[in-house]
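Hi,

Here is the structure I promised to pass on. Have a look at it first, and my notes follow below.

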Amino acid sequence: MLNYVTSADTGWKILQFIPERYIGQLGTEVMWANIGVIAACAVAAVLISAILTNMLTEPIYRLRGLVRRIGAGELGVTEDDVGDDIVGELGNCINTMSRNLETLVHRNYEMKLRNKEAELRSLQNQINPHFLYNTLA
């Protein structure tokens with residue numbers, strides 16, 4: 001390839017000769033450089049997406065485990081580090097629900113126990129007068 005430029009000051013022509021194999025070699029080097037840049041960008045994109053995915057899903061998996069534990073009967077369990085984002089807000093609600101559920105189950109148990117005691121006292125009160133009447137008569 002032959003290229004020339006005419007100087008405005010002197011009027012001389014400056015010739016430049018570039019062999020075709022050199023141009024082909026430059027094209028190949030540029031192509032491999034582009035492939036390298038594209039590969040590096042692809043690897044970086046995969047790594048960044050994996051890190052972001054883990055950052056987003058890890059708190060959700062922890063909350064899922066918490067809900068499963070509550071469903072299995074572990075009342076009152078909470079997750080300490082829930083964060084400040086929307087998932088953290090959901091975690092705080094689940095923590096509150098777990099504590100409230102434990103309180104309600106405990107109250108229900110106490111109410112049933114009191115109910116049984118009241119029934120027992122009622123039956124005892126029914127038996128006692130008849131016993132006294134039968135023994136005195």
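This is a predicted model: local features need pLDDT of at least 70, side-chain atom pairs count only at pLDDT 80 or more; totals for chains, interfaces and linings use all residues.

Residues are numbered from 1 along each chain as its sequence is written, and side-chain values use heavy atoms, with hydrogens and water left out.

Let me start with the loop. Glu79 sits between helix 1 (20–71) and helix 2 (86–136). Leaving aside residues up to four places away in sequence, Glu79 touches Arg62, Leu66 and Asn95. With Arg62 there is also a side-chain polar contact of 3.1 Å (a pair of N or O atoms within 3.5 Å; within protein, one must be able to donate a hydrogen and the other to accept it, and residues adjacent in sequence count only if both atoms are side-chain atoms).

Asn95 belongs to helix 2. Is Asn95 buried or exposed? Its relative accessibility is 5%, so Asn95 counts as buried (under 20% relative accessible area is buried, over 50% exposed, in between partly exposed, with a 1.4 Å probe and protein chains only). Arg68, in helix 1, is exposed because its relative accessibility is 56%. From the C-alpha atom of Arg68 to that of Gly88, 20 residues along the chain, the separation is 17 Å.

Now the whole chain. There are two helices and two strands, in the order β-β-α-α from the N terminus (DSSP runs numbered from the N terminus: helices are H or I with at least four residues, strands E with at least two). The radius of gyration is 42 Å, well over the 14 Å that the globule rule gives for 137 residues, so the chain is more spread out than a compact globule. That radius is taken over C-alpha atoms, and the rule is 2.2 Å times the number of residues to the power 0.38. Along the principal axes, the C-alpha atoms fill a box of roughly 150 × 30 × 15 Å.

As for burial, 10% of the 137 residues count as buried. Of the contacts between residues at least 6 apart in sequence, 31% join residues at least 24 apart.

Cheers

How values were computed
Contact means heavy atoms within 4.5 Å.
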